[in-house]
Amino acid sequence: MKSDSNLEKVLTSGAFAVTGELGPPRGADPAIVKEKAQFLKGRVDAVNITDNQTAMVRMASWAASILALQEGLEPNYQMVCRDRNRIAMQSDILGAASVGIKTMLCLSGDHQSFGDHPKAKKVYDIDSIQLIQMVKKMRDESKFQGGADITKPPRIFIGAVENPFGQPYDFRVYRLAKKIAAGADFIQTQCIYNMERFREWVKQANDMGLTEKVYILAGVTPMKSLKMALYMKNSVAGLDVPDWVIKRLEGVTDKKKVADEGIKIACEQIEEFKTMKGVAGVHLMPIEWEHKVPEITERAKLLPRPTFPAEPAPAPAA
Amino acid sequence: MSEHDLKPINIDQIRALLKEKEAGMKLRLAACAGCTLCAESCFMFMNKGKGQDPQFMPSFKVLNTLGKLYRKRGKVSRAELEQMRKLLWSNCALCERCYCPLGVDLPNMIAFARKILRSQEIEADGQQAPEKKEVSK
Amino acid sequence: MIIANRKTVEEIKESLKAYKKVLTVGCGGCTAVCMAGGMKEVNDLNTQLDILFKDDKVVFQINGAVVERQCEVPYLAELDEIVKPYDAILSMACGAGVQFLAERYPDKPVFPALNTVFVGVNKDIGWYEERCKSCGECVLGMTGGICPITMCAKGLLNGPCGGPQDGHCEANSEADCAWIKIYERLKAQGRLDNILKITPAREWQDQVQGSLVLDKFRDKYSKKETK
């Protein structure tokens, strides 16, 4: 075991993993985090705690991760490269490990121009791949990026993100290879709708032997409404929403049942992912729909989640 | 013809400037032995001038601008100044690489000639002399 | 070359309002080439400032002078006598020239008329684009001649990120994604290997003020060791 994290245990046991997402609030109220946590408890193996997503200032992901731990959830502590240099990052990683955070996700981060402080000084001291390398070095070599020894290394299960539909399309599987070479233990993808293209990407990853070295969790976001589907098709970069999705949603006669159809499509995708070679689980991102996680995981037959009894404490020396 | 073209050259002004550095400059101008070593050290001459065109030789540039100004005692026409403009700006980047075995400070002389042209509101290629118009608020 | 752009005349006027006699000093170097601080720009600015101060019914005299470069002492030295009667100097050089000028005349308040914006290229008349961040560790050989520090909004060394839209940068829809361009260029040259391997974290060089003395001049500027 690299980290003893719940997610690592689920994946190494061969079970199909499920992760979720929780965005911290734009304020200091812990109750909001705890509220959102209730929908996820017992339904996911780990929950992504986002880090100032879209460059909007939010409660720190390390803090919300601690709150998630208190609610009995395993946080997947996200860290972006936009706001912190390597000194702050390594410091945060040691801090996170010290309070029981065992899983983290390494990302570049949305550019600061998207957020509420667009002219803040950009950091990007290291990029996401260099961050993965750095965490691996801390964990496996017990050394800081600069080379000095760490007194007690952090035991972290290292995650990264890849977008199978990003540009340049031909390079994406090689970027996946780079992240694995850097030390990624698991990968979450952006939400998938074009199953055909995704199958191609997974096949490439399989052929290159990459899926033997890393656990891939396929991203799933159920469509809440036709409007949402059209928006994501036309206005969001790096997403590929095929026409059949639109058609199915349009075809629903009772407008109140469109959301239900969206969940149905998601469940069909999840069924296929369960048996797709190279896919080890799903990453659920029900945007603005967190309270639907219980229903989705139920309908997708993902429950109950596997649990691992705590190891008995070693017997005291005689 | 624009008003600019008709504007007379202020010869007194040119003379005053020439006088400021007369002794040193005339000495340098007289020192040129025509050895062409400066040409070999000039990027413009070796590239744009293909190692042959005298219009790019540092000595040529200086003798036909500053040298001419001194020879004609500042009494030059606007057309002549326009010719000098080409030598001083188009044909010279003032990169200061030119080397003279006699120790003539060529860049200094180019810079001085440019200064004189600027006093007559002539500057680098592409720049136009300012129009004397009222600027609206 | 260095590209600079003039501050608004309002900002410049505001910075000069306490002074009665100002000398605007232009530069024949980079700022003249990018049409921000050459002789023409000096004259234009002085004309505008003159009118604005007259409107305020304030006594204000402004004159202009141009030196070849404000970043080289011999050229700057030409101003020594000229600056004497003025109570402030407005420099139209880049930030480096302004500072050199201020250093030379420390008892005179010196104000910049320009914002120095980047090291860049002249794509066509009046059109400049940044190309270099002076990071001190050039990797253009690895990336096929496209700078990831300058052209990638995130300065990634193992790009691209997940953000490009239609080949454009997520942060700047008018710019191409630098990493897509790097990928395409290296692919066309058969050099994709360069980016298949990981570029490790960089030791950033721009930590303190930069200073450089060429080897062949080292002796000239160092103190002679006593025997």
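**Exercise 1. The contact of chain A with chain C**

Task: State how many residues chain A and chain C each give to their contact, and describe the side that belongs to chain A.

Solution. The contact draws 25 residues from chain A and 21 residues from chain C. Next, look for the elements of chain A behind this side: helix H5 (128–140) and helix H6 (172–182) are those that give two or more residues to it. The model used here and in the exercises below is predicted.

**Exercise 2. Packing of H5(A) and H6(A)**

Task: Determine how H5(A) and H6(A) are oriented to each other, and which residues meet.

Solution. Two packed helices are described by an angle between axes and a distance between axes. For H5(A) and H6(A), the angle is about 20° and the axes are 8 Å apart. Angles under 35 degrees count as roughly parallel. H5(A) and H6(A) are therefore roughly parallel. The crossing of H5(A) past H6(A) is right-handed. H5(A) contributes A:Ile129, A:Ile132, A:Gln133 and A:Lys136, which meet A:Lys178, A:Lys179 and A:Ala182 of H6(A). By class, the residues of this contact are 3 nonpolar, 1 polar and 3 charged.

**Exercise 3. Surroundings of strand E8 in chain A**

Task: Decide how enclosed strand E8 (residues 279–284) of chain A is, and find the strands it pairs with.

Solution. Start with burial: 6 of the 6 residues of E8(A) are buried, so the strand is largely enclosed by the rest of the structure. Then take the pairings one by one. Strand E1 (residues 17–22) of chain A pairs with E8(A) in the parallel sense over 3 bridges; here A:Thr19 has A:His283 as its bridge partner. Strand E7 (residues 215–220) of chain A also runs parallel to E8(A), joined by 5 bridges. In E8(A), A:Val282 is the residue opposite A:Ala218.

**Exercise 4. A sheet in chain C**

Task: Give the strand order of the open sheet of 3 strands in chain C and name its edge strands.

Solution. The order is E1-E6-E7, and the pairing is antiparallel. Strand E1 (2–6) and strand E7 (127–132) of chain C each pair on one side only, and are the edge strands. From one strand to the next, the twist averages 70°. For the pairing of strand E6 (residues 114–124) of chain C with E7(C), the count is 5 bridges, and the two run antiparallel. C:Gly120 has C:Glu130 of E7(C) opposite.

Notes: Residues are numbered from 1 along each chain as its sequence is written. Chains are lettered from A and ligands numbered from 1 in the order in which they are written. This is a predicted model: local features need pLDDT of at least 70, side-chain atom pairs count only at pLDDT 80 or more; totals for chains, interfaces and linings use all residues. Two residues are in contact if their C-beta atoms, placed from the backbone, lie within 7 Å. Helices (H or I, at least four residues) and strands (E, at least two) are DSSP runs, numbered from the N terminus. Ala, Val, Leu, Ile, Met, Phe, Trp, Tyr, Cys and Pro count as nonpolar, Asp, Glu, Lys and Arg as charged, and the others, Gly among them, as polar. Axes are lines fitted to C-alpha atoms, for helices over the stretch in contact, and angles run from 0 to 180 degrees between N-to-C directions. Angles under 35 degrees count as roughly parallel, over 145 as roughly antiparallel, 65 to 115 as roughly perpendicular and the rest as oblique. A crossing is left-handed if the near helix is turned anticlockwise from the far one by less than a right angle, and right-handed if clockwise. A residue is buried if 20 or more other C-beta atoms lie within 10 Å of its own, exposed if 12 or fewer, and partly exposed in between; C-beta atoms are placed from the backbone. Two strands pair if DSSP finds at least two bridges between them.
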